[in-house]
Amino acid sequence: MTDRKELDEALAIVRAGARRTAVAARLDPDGEQRLLQSIVDATVRLFDAEAASIALFETDPDRLEFRVAAGPQGAGAIGKSVKPSQGIAGFVFSTGQALALSDVGSDPRFDRKAAERTGYVPRSIAAVPLADEQGTHGVLQVLDKKGTATFSLRDMDLLGVFATQAATAIAVTRAQRELPRLLRSAFSRAGGGNLSDAQLDALVSAASADLDQDEESPYWALADQVATLRGLGERELQLVSEILRAVGTHAAASRGRRR
């Protein structure tokens with residue numbers, strides 16, 4: 001029989017994790033999108049390219065969906081999707097191999113029809129997988145450097161650095177979205193092997209239910225207020241910092257007196 005103490009300990013750990021990810025999502029709900037957009041914007045500037053884009057792997061159905069793009073010829077790609085094994089992006093995603101082509105039209109892996117749907121057919125492409133220890137999340141592509149038709153080894157190294165940053169952002173955000181599955185896995189590893197699927201699902205629901213019930217608490221009100229600080233100037237932020245420091249000092253002194 002499963003040790004209830006082990007399950008309670010697992011419940012406490014995953015609830016703490018759930019609260020942390022929920023706070024992160026509230027403080028910066030569009031953080032992933034902004035970071036990915038900044039990566040393709042910087043990629044276009046760095047390579048002086050016609051376009052750059054990031055396609056992420058999504059399920060139901062499995063596909064590579066172009067989430068962000070930049071450059072004079074990039075806008076048409078946003079929202080389009082291809083099969084995970086289709087075209088240059090599909091090849092890079094499915095194999096995990098970076099690829100640079102100076103004449104994409106002569107490469108049998110190039111899907112011209114998919115390119116035409118974006119409104120731009122490139123001459124050259126460099127593409128790298130967005131990968132980490134968990135697997136491959138998508139593909140970063142650069143289309144048509146304006147100064148030259150080829151991509152150098154240094155170009156590919158730089159593109160790999162950008163891809164690493166994108167993969168990190170994606171992994172954090174997907175951990176938030178996949179929290180129920182992660183909780184279920186944690187309970188199973190913590191000794192829930194003898195529980196039925198229904199019992200495990202009930203435990204997962206209990207782990208995150210209080211987060212929704214606690215919606216009106218001062219805790220979440222403070223998190224929402226902190227999220228608004230992003231637009232403040234240096235003087236306002238300094239004032240807020242001093243106020244929080246004073247509150248923290250007062251709270252520490254109060255705890256000391258209660259002891």
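Visitor: How many helices and strands are there in the chain?

Guide: There are nine helices and six strands in the chain. Helices (H or I, at least four residues) and strands (E, at least two) are DSSP runs, numbered from the N terminus. The model is a predicted one, in which local features need pLDDT of at least 70 and side-chain atom pairs count only at pLDDT 80 or more, whereas totals for chains, interfaces and linings use all residues. Residues are numbered from 1 along each chain as its sequence is written, and side-chain values use heavy atoms, with hydrogens and water left out.

Visitor: In what order do the six strands form the open sheet?

Guide: Strands of a sheet pair through backbone hydrogen bonds, either parallel or antiparallel. Two strands are taken to pair if DSSP finds at least two bridges between them. Here the order is β3-β2-β1-β6-β5-β4, with antiparallel pairing. The edge strands, β3 (81-82) and β4 (99-101), each pair on one side only.

Visitor: How many bridges join β1 to β6, and which residue of β6 is the bridge partner of A52?

Guide: Strand β1 (residues 49-58) and strand β6 (residues 135-145) run antiparallel and are joined by seven bridges. The partner of A52 in β6 is V142, and A49 stands opposite K145 in β6. β1 also pairs with β2 in the antiparallel sense, over seven bridges; in that pairing, E58 stands opposite R63.

Visitor: Is β1 mostly covered or mostly open?

Guide: Burial is judged by relative accessible area: buried means under 20%, exposed over 50%, and partly exposed in between (1.4 Å probe, protein chains only). β1 is mostly covered, with nine of its ten residues buried. In the chain, buried residues make up 36% of the 259 residues.

Visitor: Which helix packs on the sheet?

Guide: Helix α3 (residues 87-95) does so, touching β1, β2 (63-70), β4, β5 and β6. A contact means heavy atoms within 4.5 Å. The direction of α3 makes about 140 degrees with that of β6; axes are lines fitted to C-alpha atoms, for helices over the stretch in contact, and angles run from 0 to 180 degrees between N-to-C directions. Seven of the nine residues of α3 are buried, namely G87, I88, A89, G90, F91, V92 and F93. The buried residues of α3 pack against β1, β2, β4, β5 and β6.

Visitor: Which peptide bond is cis?

Guide: The bond from D60 to P61 is cis, with omega near 0 degrees. P61 is found in the loop between β1 and β2. The hairpin of these strands has four residues between them, and there D60 takes a positive phi near 55 degrees.

Visitor: Is S124 buried or exposed, and which residues does S124 touch?

Guide: S124 belongs to the loop between α4 (112-118) and β5 (125-132). S124 is classed as buried because its relative accessible area is 2%. Not counting residues up to four places away in sequence, S124 touches L101, S102, V104, V142, L143, D144, K145, A149 and F151.

Visitor: Which residues form a nonpolar patch on the surface?

Guide: An α-helix has 3.6 residues a turn, so residues three or four places apart point the same way. The patch consists of L239, I243 and V247, with about 280 Å² of accessible area together. L239 is found in helix α9 (residues 234-258). Patches are made of residues with over 30% relative accessible area and no salt bridge; like charges are joined within 9 Å, and nonpolar side chains (Val, Leu, Ile, Met, Phe, Trp, Tyr) within 5 Å. A salt bridge is a side-chain nitrogen of Lys or Arg within 4 Å of a carboxyl oxygen of Asp or Glu. Accessible areas come from the Shrake-Rupley method with a 1.4 Å probe; for residues, only the protein chains shown count as cover.
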